[in-house]
Amino acid sequence: MNAKKMLAQLKRELWENRVGFIWAPLVLSGLLFVVAMWVVLENITIHGENNIPVSASSPGAMVLMTLIYQVASSAVYLISFAIVIAVYAHSSLFADRKSREILFWRSMPVSETVNVLTKLAMILILMPLIVFLGALIGGLLFALFLAVLNPALHEFGAALRELYVSVELLMSSFIVVMLLLPLIAWSLFCSAFARRSPVTISLAVPLGLWIVDSIAQRYLEINLLFKDALRAYAQLTSTTAKKMMADSQTSLFDIDLLSRADIPVVSVALLFSAVMIGVTIWLRNNRYEI
């Protein structure tokens with residue numbers, strides 16, 4: 001598949017899901033910016049041993065406020081990022097089957113393999129980039145707003161350096177989506193498989209397997225390994241999250257992060273993800289009716 005077709009596929013996904021991928025980040029950015037401006041204009045207070053009122057004209061205030069804004073926007077974006085991914089992964093393949101649009105798209109010269117991988121790329125690559133650009137542009141506009149209130153070039157330059165938080169957010173986003181890859185692949189599978197509610201299958205099947213495994217272990221002394229696998233996966237995500245919180249500059253290429261990873265757990269998670277994506281593609285090619 002050439003670059004033009006891939007670009008067309010991505011544009012199609014953006015157009016069909018513009019509420020989650022375009023309008024939601026824009027609305028969040030706007031609301032956060034308005035709230036931040038209101039807080040600055042009303043002045044803020046640093047609470048320590050003494051309450052120190054800080055206005056935009058206070059020494060170092062521009063840097064502090066820009067950093068606070070970047071951290072707050074990063075937290076908001078990551079939360080919204082997770083919600084958009086969950087909704088998109090569960091609905092993207094189910095919606096065009098329900099509306100019969102799949103019959104039109106199947107007539108186009110694009111394979112279902114490319115369709116599924118394009119949706120995966122939207123989650124793994126494009127969404128982190130959108131979040132990064134939103135946080136970066138929002139932080140820059142906020143720094144410019146502060147510069148209007150306090151036109152000190154050295155303060156403005158120092159404030160701009162705090163925009164590195166956006167880059168850290170991008171690295172964190174890539175780590176998050178890689179950690180969530182098994183869940184994303186499972187959600188896409190449920191979206192391609194479900195006849196009524198992908199979310200119901202997505203939640204009910206793991207819950208049912210957990211209950212069956214618990215009963216088998218307790219009464220039959222048989223370990224089905226499902227609970228152990230989930231615990232190992234939860235431990236992997238927890239360990240990585242703690243590493244990310246301890247070192248904000250963690251990236252996918254962090255040798256220390258990779259060395260701490262449980263290789264068998266990572267291997268099983270990647271294998272599970274690959275199998276789910278493979279089965280999803282098969283379903284799209286062989287069973288696409290509701």
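Trainee: What makes Phe33, Tyr69, Phe142 and Phe145 a cluster?

Mentor: In this predicted model, ring pairs link Phe33, Tyr69, Phe142 and Phe145. Two rings pair if their centres lie within 6.5 Å, and the links between such pairs join the four residues into a cluster.

Trainee: How many aromatic pairs does a search of the whole structure find?

Mentor: The search finds seven aromatic pairs. One of them is formed by Phe21 and Tyr88.

Trainee: Why is the pair of Phe21 and Tyr88 called edge-to-face?

Mentor: A pair of aromatic rings is described by the distance of the centres and the angle of the planes. The centres of Phe21 and Tyr88 are 5.0 Å apart, and the limit for a pair is 6.5 Å.

Trainee: How do you know whether Phe21 and Tyr88 are buried or exposed?

Mentor: Buried means under 20% relative accessible area. Phe21 has 3% relative accessibility and so counts as buried. Tyr88 has a relative accessible area of 3% and is therefore buried.

Trainee: What is said to sit over the ring of Trp15, and why?

Mentor: The charged end of Arg18 sits over that ring, 4.0 Å from its centre. The distance criterion is within 6 Å of the ring centre, and the CZ atom of Arg must also be within 35 degrees of the ring normal.

Trainee: Which residues does His90 touch?

Mentor: Not counting residues up to four places away in sequence, His90 touches Ser187, Ser191, Pro198, Val199 and Ser202.

Trainee: How do you know whether Ile184 is buried or exposed, and which residues is it in contact with?

Mentor: Ile184, found in helix 8, has a relative accessible area of 3% and is therefore buried. Leaving aside neighbours within four places in sequence, Ile184 is in contact with Ile85, Ala89, Leu120, Ile123, Leu124 and Val177. The C-alpha atoms of Ile184 and Ile85 are separated by 7.9 Å, although these residues are 99 apart along the chain.

Trainee: Why is Met178 called partly exposed?

Mentor: Met178 is in helix 7 (residues 164-179). Its relative accessible area is 38%; buried means under 20% and exposed over 50%, and values in between are partly exposed, so Met178 takes the middle class.

Trainee: How do you know whether Val268 is buried or exposed?

Mentor: Val268 lies in helix 12. With a relative accessible area of 53%, Val268 is exposed, because the class begins over 50%.

Trainee: Why are Glu221 and Leu225 called exposed?

Mentor: Exposed means over 50% relative accessible area. Glu221 stands at 74% and so counts as exposed; Leu225 has 51% and is therefore exposed.

Trainee: What is the volume of the largest pocket, and which residues are closest to its centre?

Mentor: The volume is about 630 Å³. Of the 21 residues that line the largest pocket, Pro182, Leu183, Phe226, Leu230 and Phe272 are the closest to its centre.

Trainee: Which helix gives the most to the lining of the largest pocket?

Mentor: Helix 9 gives the most, with six residues. Helix 8 (181-193), helix 9 (198-220), helix 10 (226-246) and helix 12 (263-286) each supply at least two.

Trainee: How do the residues of that lining divide into nonpolar, polar and charged?

Mentor: The lining of the largest pocket has 18 nonpolar residues, three polar and no charged.

Notes. Residues numbered from 1 in each chain as written. Predicted model: local features only at pLDDT ≥ 70, side-chain atom pairs only at ≥ 80, totals over all residues. Heavy atoms only, no water. 1 Å grid on protein atoms, 1.4 Å probe; cavity = no way out; pocket = protein on both sides within 12 Å on 5 of 7 lines; lining within 4 Å. Points joined across faces, edges and corners; volume = space filled by probe spheres on them. Helix = DSSP H or I, 4+ residues; strand = E, 2+ residues; numbered from the N terminus. Nonpolar A, V, L, I, M, F, W, Y, C, P; charged D, E, K, R; others polar. Contact = heavy atoms within 4.5 Å. Phe/Tyr/Trp six-rings, centres within 6.5 Å; stacked < 30°, edge-to-face > 60°. Buried < 20%, exposed > 50% of the residue type's maximum accessible area, 1.4 Å probe, protein only.
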